[in-house]
2 protein chains.
Amino acid sequence: MADEKYDLVVVGGGPAGYAAAIRAGQLGKKVACVEMDRAGGTCLNWGCIPSKALLKSAELINSIKKSEEFGISVGSVDYDFSKIIQRSRGVADQMAKGIEFLFKKNKVDYIVGKAHVDDAKTVSVVDGDSKGKKLKTDNILLATGCRARRLPFLPTDPERIMTSREALVMKKQPKSVAIIGSGAIGVEFAYFLNAFGTDVTILEVMPQLVPVEDEEIAKTLGREFKKQGIKTELEVQVKDAELTKDGVKLVYTKKGKDVTMEVDAVIQAVGVVAFLDNTVEPSLNLKTDRDYLVVDDSYRTNVAGIYAAGDIIGPPWLAHVATFEAVQAVNGIFGASKPRRVKNFPGATYCNPQIASTGVTEKKAKELKLDFKVGKFPFVASGKAVAGAHSEGFVKLISDSKTGEILGAHIIGRDATELITEYCLAMEMEGTIDEIHGTIHAHPTLSEALAEAAAATHDEAIHI
Amino acid sequence: MADEKYDLVVVGGGPAGYAAAIRAGQLGKKVACVEMDRAGGTCLNWGCIPSKALLKSAELINSIKKSEEFGISVGSVDYDFSKIIQRSRGVADQMAKGIEFLFKKNKVDYIVGKAHVDDAKTVSVVDGDSKGKKLKTDNILLATGCRARRLPFLPTDPERIMTSREALVMKKQPKSVAIIGSGAIGVEFAYFLNAFGTDVTILEVMPQLVPVEDEEIAKTLGREFKKQGIKTELEVQVKDAELTKDGVKLVYTKKGKDVTMEVDAVIQAVGVVAFLDNTVEPSLNLKTDRDYLVVDDSYRTNVAGIYAAGDIIGPPWLAHVATFEAVQAVNGIFGASKPRRVKNFPGATYCNPQIASTGVTEKKAKELKLDFKVGKFPFVASGKAVAGAHSEGFVKLISDSKTGEILGAHIIGRDATELITEYCLAMEMEGTIDEIHGTIHAHPTLSEALAEAAAATHDEAIHI
């Protein structure tokens, strides 16, 4: 078979890669997407999506436990852990098939296999059904992403010492688990497993849970987790682990002293590392910074014709940021529009209560010596939250004292991850707290709390 | 006791009245709020808020019925109807107490009793504990609202022929119910009662359910209601009803023929009528239009010193619109800011799937011969919706072909009432579909569907 010539070859089929390939297809370009695992990448197959399916089951069983409050009584409550995992795999499979359908629809050549960039015009497929195929192309977009970081001193045992990847397909629910790291992934697994009765302990090296979030948000999460029975140890450093007959013996340092705990399993949720292993011919000398590819404002690497987007170009390692970057990169490559770099983006954490945020935290605003005001509104003053019996949490809005523009926003509570969007749009449009306050929000909704937080900045909230 | 002199007397303590009183308090004004029932008015005590509590119970039992899908099995499922009603009363009571607390906090004199406006400077209390009290004031704001409309030919029996008010405190769950009218209130009661096994038939005079909503939205709701077992009869006119030994015999006309049905109870949800009975001295000659008070852009009636806001000044009869108007009116009265009239506002319907909308429907856009484009995105293509097993529904965005500004937006699906806020803010800020598309939405969220609908306008959505 003759070598094929593409306008673009995308390496990686995750939120950056598949979006890039589809966008190129929309632009009428001849495009291939080479993915070594499955369309959708980590996010869709081993991250955001299946975890949300697990969390749905967790939310449901937690609701059922409280059903008496709502006038509903159930007899026995039981669950089938393997069925819960199985459903989440089904959801991931359905979504991956969706991407494969979109590839067809947009005439993207979808190639399952490991890619190797031989030079700026050639991508080889080095394993899989298409092994040996050489793709000639005018442009290459590297979107290989990241993979879960592993603590080097932990023993290897995919059933007892997991990353999120193994945890998503746990065969057996552990009776007890230590979760190392309390970022989004750590606290989501904590919520999920605790809902089904696993004894959960979170071990966090930093002085607060969800370390990237606002301090007050973290404290509220800590309180809510405590109510739920999730244990948290802050400012502790895991230093050793040993496989025992039935589980894991973990040693961590707390205030200078060693503490030993025995658990059935350990989940390490300690961030990600760049994934580019043997993907690019070394002699191309692609410029990296701490393993991440360095790109300019048009997502160009230092090698002409090779672009990169998504997690592989560095933080914040978020699927929605990756997709945005990839689409911008493709728009730039083909002159559809001037590519934009990421300015504002939300973070979203799906434990319960949910956390969502964008922009600076209050602490950061102080550090930066910004001239800012804070507006806050608690969900306990929201009729919708009280009617739905989820009145924990609050909205905190940080705005510029002079212009009223939003500098940061932090929400903890039901549906926080959906609610944050309003503030994201406001930031994108350089909107002010007055514009948010002046927008009529439907009653009764949780979103009213966002308008009230804006109003509260000037003590004009009606409901507090 | 000497007559007291106020800066403002507010007549009515609903979403317009209480917000007005609190706002005046914030401005340091001496203000009284006279309410004949309870702080919070219809919305909080007999509408939006208690109904949301009922709907929460309905959503929960519907989730429990589907729990097997999520790997959870329950034994028997039972419910206590009176406990469900009781919880909703508790929620209303808690929120009403909240308003009473806010009155105190903002130094609002809260007077429970029927008000009578003697003249532009005097409000008398004509019943209740404060009967006989005369309030002297510089300004009066009428916020008396509306009450449920009753079909005049229906017999009187608060247990079998209800409006929403009686239905909210039903003593006994009817085995079968006919709901006349399929606006928000009608379909919410339909969803609630059907969830608990009542045989529900909706009778709607118009050719579609939820007549103010977009046609496609209405059709989707009809399909979902059918799946749930809710019966709907469109283009039928109720013409007679008769109380029988155990229930009600209802006669309606369908395609020119009379149809008789027997049900345990009837709920009439056929809109509202202005409520101003004997509140204003007739010789003041307050100008009305079809019973609604006529106001200018500063919410002034034709009588100097008398203002009006909320449902009593006419459609759209929405709590959030009422609150907005009332706050604007007060800002105007005391010169805090130039009052604004309502321009854009959302509508919200809390059955399941939820419906939310703002601006024109597609049909209306055609009638007005607007130059518009439509962008649509179905929730079945949303990872979050699939993970949560609520992938029914879609987002439909109507924008100006030339400027990209939003003319109308329609959402049916989970959390539609929260999601619509993003579009409301965009409309308020005269944002375009490009600005919505260009805003990074958190993944995975339902809100991504709003960005995708914007992108779909130009065939640039990634996931369809």
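Residues are numbered from 1 along each chain as its sequence is written, while chains are lettered from A and ligands numbered from 1 in the order in which they are written. In this predicted model, local features need pLDDT of at least 70, side-chain atom pairs count only at pLDDT 80 or more, and totals for chains, interfaces and linings use all residues; side-chain values use heavy atoms, with hydrogens and water left out.

**Domains of chain A**

- Chain A splits into domain 1 (4-148 + 273-333), domain 2 (161-270) and domain 3 (353-456), with bounds from an automatic or database domain assignment.
- Between the C-alpha centres of domain 1 and domain 3 of chain A there are 31 Å.
- An unreviewed UniProt entry places "domain: Pyridine nucleotide-disulphide oxidoreductase dimerisation" at residues 346-454 of chain A; such positions use the numbering used here, feature names are shortened, and annotations may be inferred rather than shown by experiment.
- That span, residues 346-454 of chain A, is 33% helix and 29% strand, and its end C-alpha atoms lie 18 Å apart. Helices (H or I, at least four residues) and strands (E, at least two) are DSSP runs, numbered from the N terminus.

**Two copies**

- The same surface serves both copies, as 100% of the contact residues of chain A recur in chain B (contact means heavy atoms within 4.5 Å).

**A helix pair in chain B**

- Helix α1 (residues 17-26) and helix α8 (residues 319-333) of chain B have axes that come within 8 Å and cross at roughly 35°. Here axes are lines fitted to C-alpha atoms, for helices over the stretch in contact, and angles run from 0 to 180 degrees between N-to-C directions.
- On the α1(B) side, B:A19, B:A20, B:R23 and B:A24 meet residues of α8(B), including B:T323 and B:V327.

**Backbone details in chain B**

- B:P315 and B:P316 are joined by a cis peptide bond with omega of about 15°, and B:P316 sits in the loop between β23 (306-308) and α8 of chain B.
- Another cis peptide bond runs from B:H443 to B:P444, with omega near -5°; B:P444 belongs to the loop between α12 (433-437) and α13 (448-456) of chain B.
- Although B:R290 is not a glycine, its phi is positive, about 45°.
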